[in-house]
Amino acid sequence: FLLVVGFTYFYTAFTFKPDETAEQLRKNGGFIPGIRPGRPTAEFLGRVVTRITIAGALFLGILDWGRLDIVVEKCTELGVDRITVFTSDRARRRVDQAAFERRLDRMGRLAEAAARQSGRGTRPDLRGLVPFSAMVDEAQATQTFLVDAHGDDGLGESLRARPLLRAAIVVGPDAGFSDGEVELAQAHGIAVCRLGGATPRAADR
């Protein structure tokens with residue numbers, strides 16, 4: 001549930017920029033009645049989009065089927081180049097490799113359809129199931145952010161503070177990552193951050 005909510009926020013933040021929209025409105029002589037142009041307009045748009053996103057994210061999250069499917073589609077549309085599904089200490093659902101291989105085939109077809117629909121030339125590389133420790137080892141090759149309540153800063157703040165060409169974002173199960181997993185990630189140089197004011201959790205793997 002919360003993986004869908006988290007990715008909905010991430011997708012919206014990536015595609016809608018209140019500052020740019022407010023500036024375009026100002027340049028074209030447009031305005032929102034009762035709101036001053038410039039920064040107040042950007043703040044107003046940010047609040048409205050957040051409220052709309054909450055409703056949309058909750059609706060998508062309530063749809064029990066296809067949680068991971070939605071994530072695969074949205075990641076493909078964003079241009080993510082790899083999606084790795086990993087096991088976690090606190091995941092309630094345990095999936096055997098054979099069952100996941102069947103699911104992986106479906107996810108591949110969904111990614112290909114999303115790539116065609118969004119005009120992307122390629123789809124993400126889909127991997128899994130891998131242990132959390134293997135995912136952490138692999139993540140050392142790029143700047144990685146682990147989303148968990150243990151973090152001090154929000155994901156958005158962390159990404160803005162470090163302009164990057166490539167980044168990996170690790171989202172875990174509903175119950176969050178175990179203390180051992182957070183410590184392992186930090187030991188490998190992975191930044192731990194919250195998703196925002198409240199930290200949504202990922203859907204079970």
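## Reading burial, contact and packing in a predicted model

Asp 179 is partly exposed, with a relative accessible area of 45%, and the model in which this value was computed is a predicted one.

Q: Why is Asp 179 called partly exposed?
A: The relative accessible area of Asp 179 is 45%, and since buried means under 20% and exposed means over 50%, with partly exposed in between, the residue falls into the intermediate class and is therefore partly exposed.

Q: Where does Asp 179 sit, and which residues does it touch, not counting residues up to four places away in sequence?
A: Asp 179 has its place in helix H8, and, with residues up to four places away in sequence not counted, it touches Arg 90 and His 150. The C-alpha atoms of Asp 179 and Asp 89 are separated by 9.7 Å, although the two residues are 90 residues apart along the chain.

Q: What makes Ser 178 buried?
A: Ser 178 has a relative accessible area of 11%, and because the cut-off for burial is under 20%, this residue counts as buried. Ser 178 lies in the loop between strand S4 (168-171) and H8, where it touches Asp 89 and Arg 90, residues up to four places away in sequence not being counted.

Q: How do you know that Phe 132 is buried?
A: The relative accessible area of Phe 132 is 6%, which is to be set against a limit of under 20% for buried residues, so Phe 132 is buried. This residue is found in helix H6, and, leaving aside neighbours within four places in sequence, it is in contact with Phe 86, Thr 87, Leu 146, Phe 177, Glu 181, Leu 184 and Ala 185.

Q: Why is H6 called roughly parallel to H8?
A: The axes of helix H6 (residues 132-139) and helix H8 (residues 179-187) come within 10 Å and cross at roughly 20°. Because angles under 35 degrees count as roughly parallel, this crossing angle makes H6 roughly parallel to H8. The crossing in which H6 passes H8 is right-handed.

Q: Which residues of H6 and H8 meet, and how do they divide by type?
A: From H6, Phe 132, Ser 133 and Val 136 meet Glu 181, Leu 184 and Ala 185 of H8. The residues of this contact divide into four nonpolar, one polar and one charged. In soluble globular proteins, nonpolar side chains tend to be buried together.

Q: Which residues touch the most other members of the largest nonpolar core?
A: The largest nonpolar core has 13 residues, and those touching the most other members are Phe 86, Phe 132, Met 135, Leu 146, Val 170, Phe 177 and Ile 190. H6 and H8 each supply at least two residues of this core, and H6 gives the most, with four residues. Apart from this core lies another, of twelve residues, among them Val 71, Val 72, Cys 75 and Ile 83.

Q: Where is Glu 77, and what does it touch, not counting residues up to four places away in sequence?
A: Glu 77 is placed in helix H4 (residues 67-78), and it touches Tyr 11, Ser 118 and Arg 120 once residues up to four places away in sequence are not counted. The C-alpha atoms of Glu 77 and Arg 116, 39 residues apart along the chain, are separated by 9.3 Å.

Q: What pattern does the chain follow along the sequence?
A: The chain has eight helices and five strands, and along the sequence they follow the pattern α-α-α-α-β-α-β-α-β-α-β-α-β. Of its 205 residues, 38% count as buried.

Notes
Residues are numbered from 1 along each chain as its sequence is written. This is a predicted model: local features need pLDDT of at least 70, side-chain atom pairs count only at pLDDT 80 or more; totals for chains, interfaces and linings use all residues. Side-chain values use heavy atoms; hydrogens and water are left out. Axes are lines fitted to C-alpha atoms, for helices over the stretch in contact, and angles run from 0 to 180 degrees between N-to-C directions. Angles under 35 degrees count as roughly parallel, over 145 as roughly antiparallel, 65 to 115 as roughly perpendicular and the rest as oblique. A crossing is left-handed if the near helix is turned anticlockwise from the far one by less than a right angle, and right-handed if clockwise. Contact means heavy atoms within 4.5 Å. Ala, Val, Leu, Ile, Met, Phe, Trp, Tyr, Cys and Pro count as nonpolar, Asp, Glu, Lys and Arg as charged, and the others, Gly among them, as polar. A nonpolar core is a set of buried Ala, Val, Leu, Ile, Met, Phe, Trp, Tyr and Cys residues joined through side-chain atoms within 4.5 Å. Buried means under 20% relative accessible area, exposed over 50%, partly exposed in between (1.4 Å probe, protein chains only).
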